[in-house]
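Please consult the sequence and the coordinates alongside each answer.

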Amino acid sequence: MNIMDFNVKKLAADAGTFLSRAVQFTEEKLGQAEKTELDAHLENLLSKAECTKIWTEKIMKQTEVLLQPNPNARIEEFVYEKLDRKAPSRINNPELLGQYMIDAGTEFGPGTAYGNALIKCGETQKRIGTADRELIQTSALNFLTPLRNFIEGDYKTIAKERKLLQNKRLDLDAAKTRLKKAKAAETRASSEQELRITQSEFDRQAEITRLLLEGISSTHAHHLRCLNDFVEAQMTYYAQCYQYMLDLQKQLGSFPSNYCNNNQTSVAPVPSASPNVIGSSALTSTSGLVMTSPSNLIDLKESSGSRKARVLYDYDAANSSELSLLADEVITVFSVVGMDSDWLMGERGNQKGRVPITYLELLN
C-alpha cells in the first residue's frame, strides 16, 4: 500500500512538472513570460553541434549512394545490419558485365579477334569489380562507420543532454514566474527556495552540456583523419582502374599488327609472294596467319605518292584517329612521315584515318 501511495505521488509530481513546463513554454511563445537566455559560448557550441550533425548525415548518405547506387541493395544492407547479420555476397555491375563479355567471347571463339578481345575486356571488368568491392569495404570501415557512430552515439547523447537542459531552463523560468506572483511571505520563502534549487540544477546541466559540446572539435579532428583514409582508398581504386585499362588498351592495340581473325582468313584471299602484296616475301603458315617482310612498304613510305589497296579483313577503329575497314573494299593509302611502321594513312572519300598494314593488299 505504501509503495502504491509513493507511485501515485510521484506520478502526480511528474504531471505537475510537465504541466508547469508546458505553461511556461506556451507563455514564452506568446510573449507573456520571460526566458532565460543561454550564454553566447554555449549557444555557439550548440549551433556547431547541430551543423556538424546535419552535414555529417548528408555526407554519409551521399557517400552510401556513391558506393552503392542501387537503393534496393542499400535497404537490404541496412536491414541485415540492424539484424546484426552479414548480407549475402552479390555480384556487382562491373563483374556482371565482365562475365557477359567472357561468355560472349567464349561463344564467338577465343581464336577470333573479337572473341579474344571480349574475353580480355571481360577479365579487366572483373578486376575492376574486385577493386570496386575493396573500395566499398575500406570506405565503409574507415569512413562511413565513424560518421555513423557519431550520429547514432555521440550526437544522441548530446541531444539528450540538450533536451534535459531545456527542461531545466523551463523549470527555472517557471520558478521565477511563481516568485514574482507570490504575495504572502510564506509563499515567497517557498518560491525563493524553489528558485535556488532550479537555478543550481540548471547551472549543473549547462556545465554538463557544455563539456559534451566542446568534444565536437575532437570529433572534427577524428573525421578529418577518416576523410584522409577515404581519399586514399579512392586514390588506390582509381589508380588500379587506370592501370587495368592501360594494360587492356595495350593488349587491344596489339591486335591489328600481330593478330588476324582465323575464321576470316579461310575466306579472304591469302597474299601471295608477289610485289602486289605489302611485304613481297609474304609467307603463309599452316594456321592461316600471314607474315610479311617490309620491302614494298619501305618503297611506299619512301615515295611521296599514294596507292590503291584492297582490304583483306574487317577492322573496327579503336579511336577517332583510325579508319574502320570492310573486307574487299578498295581504299587509297599513303605514308606519313613519323608514323609507326605498322600503320599507313587510309582514305575513303572524305574519311581519313590510320589503318593497319596487315589488313591490306596493295594494287597495281
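Q: How many aromatic pairs does a search of the whole structure find?
A: This is a predicted model, in which local features need pLDDT of at least 70, side-chain atom pairs count only at pLDDT 80 or more, and totals for chains, interfaces and linings use all residues. Residues are numbered from 1 along each chain as its sequence is written, and side-chain values use heavy atoms, with hydrogens and water left out. Rings of Phe, Tyr and Trp (its six-membered ring) pair if their centres lie within 6.5 Å; planes under 30 degrees apart count as stacked, over 60 as edge-to-face and the rest as tilted. The number of aromatic pairs found in the whole structure is seven.

Q: Which class of aromatic pair do Phe 143 and Phe 230 form, and how far apart in sequence are the parts that it ties together?
A: The ring centres of Phe 143 and Phe 230 are 4.7 Å apart with 10° between the planes, and the pair is stacked. Phe 143 belongs to helix H5 (residues 113-181) and Phe 230 to helix H7 (residues 216-253), where helices (H or I, at least four residues) and strands (E, at least two) are DSSP runs numbered from the N terminus. The pair therefore ties together parts whose separation in sequence is 87 residues.

Q: Is Phe 143 buried or exposed?
A: Buried means under 20% relative accessible area, exposed over 50%, and partly exposed in between (1.4 Å probe, protein chains only). Phe 143 has a relative accessible area of 5%, so this residue is buried.

Q: Why is the pair of Tyr 315 and Trp 343 classed as it is?
A: Both residues are buried. Their ring centres lie 6.5 Å apart and their planes meet at 65°, so the class is edge-to-face.

Q: Which charged residue sits over the ring of Trp 343?
A: A charge sits over a ring if NZ of Lys or CZ of Arg is within 6 Å of the ring centre and within 35 degrees of the ring normal. At 4.3 Å from the centre of the Trp 343 ring lies the charged end of Arg 354.

Q: How many bridges join E5 to strand E6?
A: Two strands pair if DSSP finds at least two bridges between them. E5 and E6 (residues 351-356) run antiparallel, with Glu 347 opposite Lys 352 in E6. They form a hairpin with two residues between them, and Gly 349 in the turn has a positive phi of about 60°. The number of bridges joining E5 to E6 is six.

Q: Which residue in E4 stands opposite Arg 307?
A: E3 and E4 pair in the antiparallel sense over five bridges. Arg 307 stands opposite Val 333.

Q: Which residue in E7 is the bridge partner of Val 311?
A: Three bridges join E3 to strand E7 (residues 360-362), and the two run antiparallel. The bridge partner of Val 311 is Leu 360.

Q: What is the phi of Asp 328?
A: Most residues other than glycine have a negative phi. Asp 328 is found in the loop between E3 and E4. Although Asp 328 is not a glycine, its phi is positive, at about 80°.
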